[in-house]
Amino acid sequence: MEVSGSSYRVRAYSVRHEYDVTEFLEAYRSLLQSAVDEIWARIRWIEKPAEPKHGVPGVRYTARRLIPILPKDGSFKHHELREKLKEAWPHAVHYVDSAIKLAYSILRSWRRNYLKGDRGREKPRVRRRFARVKETLYVLRDGRLRITLDARERYLEFDLRNAWFWKRAKGEPGELIVREDSLILTFREICNKEEPAKRLAWDSNEASLDAFDPELGWVRVDLRGLYHIHRVYEQKRRRLQELASRKPSLRGVLGKYADRERNRVMDAAHKLTTELARRFPETEHRFERLEKGEMFNGGRAHNRRLAKADWSMVRSMLAYKAGVGEPLDPRNSTRRCSRCGGMNKAPKGAVFECGSCGLRVDRQLNAAVNLYLQMEGLPHDPRWFDRVVGGFALTGEERDGNPDEPSRGSSVVIPQSCVCRSKTT
Ligand SMILES: [Zn+2]
């Protein structure tokens, strides 16, 4: 039930495990694929006239496209499909329901992308091995967790009392996700609209915005799309300026280019901030105060001005699409070691190295962790760093872009690559 004026805050935590669940997860993967296959076979395709994005008024278009309609009727979902999948599934039957729910969500996500033109008419493939565990399949009492794999036969047991998050975790435990070497727990808590569920502190760089969060890991927003637009127009202007010196009538065109550049940057920034607001619901975004100078050297003053203008555009768009909090202090965020707090020289290359504790880490991740600590009012603590940031750094799995798979635990060394990459031609 929705309580008006409030919403849910879901937090996810991960713990490593040593159970051998490969066979079980492979069976679940193929169960999930069968569910996708069965639903796919029931899709109705309706032919509709295609509406061109940039159609000319008064001109009739004859192109048609196929619109997929997913089967929705309960007798298929809850009986026919369920019975069919149950036949070949040797484990606890509630996993069949979880797979059906997940298969629908994968197909709805495919459908959205298909309608946008980002995906073709090919059936989604489930490649990664993981299983969703519904609330009915586990018991969590006083920090002890027992997950049923086979009814009354096989269980996975965890003692969470010593897990780093145990004292912090609040709210109702929700779905779990079992992976080959880790378990992801979610907790759902009702919270007020006024109070954002989550905060992200962004380190602003010329090519990216970088944030660190203990649940999400390292999140990177790719800004190269914006930068690329500036480069393209800079070259166009340069060519035109040469021509205009001989042919003054061309001068007016220069102003037109400036307008177009601004429009394209604004358009890209709109897409980017909309995507950010969607990807991080109920999140307050925090940025550094603008006068950040240490990352650029004198010769790049022009790029710096452009980057600053882009950041402030992104910030002000986010302020009404999501929420932007008090600015953070940018001083020393690139020079301080995010592990021990020691002060170092500004890093020369992409890697930050600490002279005191020997940490070697991407410079932008280092700055992002510093800003996170500042935002949360936490002290620098090597033990915290090794457990939380280091814990991420050890899992360098790749993401394959399925939005229905958990995004936690895999995103640090290879950051959640690009929240948005604005397409430019
Ligand atoms: Zn250090």
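Phe24 lies in helix 1 of this predicted model. Is Phe24 buried or exposed? It has 21 C-beta neighbours inside 10 Å, and because the cut-off for burial is 20 or more, Phe24 counts as buried. Leaving aside residues up to four places away in sequence, Phe24 touches His91, Ala131 and Leu149. Phe24 and Arg129 are 105 residues apart in sequence, yet their C-alpha atoms are 9.2 Å apart in space.

Among contacts between residues at least 6 apart in sequence, 67% join residues at least 24 apart. The chain contains eight helices and 15 strands, and buried residues make up 29% of its 425 residues.

Helix 3 itself spans residues 94-116, and its 23 residues reach 34 Å from first C-alpha to last, close to the 33 Å expected at 1.5 Å a residue. Which residues of helix 3 are buried? They are Tyr95, Val96, Ser98, Ala99, Ile100, Leu102, Ala103, Ile106, Leu107 and Trp110. An α-helix has 3.6 residues a turn, so residues three or four places apart point the same way. Just after helix 3, Gly117 takes a positive phi of about 90°.

Now to the cores. The largest nonpolar core has 42 residues, and the members that touch the most others are Ala211, Phe212, Leu226, Ala368, Val369 and Tyr372. At least two residues of this core come from each of strand 10 (198-204), strand 11 (208-213), strand 12 (217-222), helix 4 (224-246), helix 5 (251-279), helix 6 (301-321), helix 7 (363-376) and helix 8 (382-393). Helix 7 gives the most, with seven residues. A second, separate core of 35 residues includes Ile39, Ile100, Leu176 and Ile184. Ile100 is also one of the buried residues of helix 3.

| Strand pair | Bridges | Direction |
|---|---|---|
| Strand 5 and strand 6 (residues 144-150) | Four bridges | Antiparallel |
| Strand 6 and strand 7 | Six bridges | Antiparallel |

Leu140 has Leu145 of strand 6 as its bridge partner, and Arg144 has Asp159 of strand 7. Strands of a sheet pair through backbone hydrogen bonds, either parallel or antiparallel. The hairpin of strand 6 and strand 7 has three residues between the strands, and there Arg152 takes a positive phi near 55°.

Why does strand 7 lie largely in the open? Of its six residues, the number buried is zero, so strand 7 is largely in the open.

Note on methods: Residues numbered from 1 in each chain as written. Predicted model: local features only at pLDDT ≥ 70, side-chain atom pairs only at ≥ 80, totals over all residues. Pairing = 2+ DSSP bridges. Buried ≥ 20, exposed ≤ 12 C-beta atoms within 10 Å, placed from the backbone. Core = buried A, V, L, I, M, F, W, Y, C linked by C-beta atoms within 7 Å. Contact = placed C-beta atoms within 7 Å. Expected span 1.5 Å × (residues − 1).
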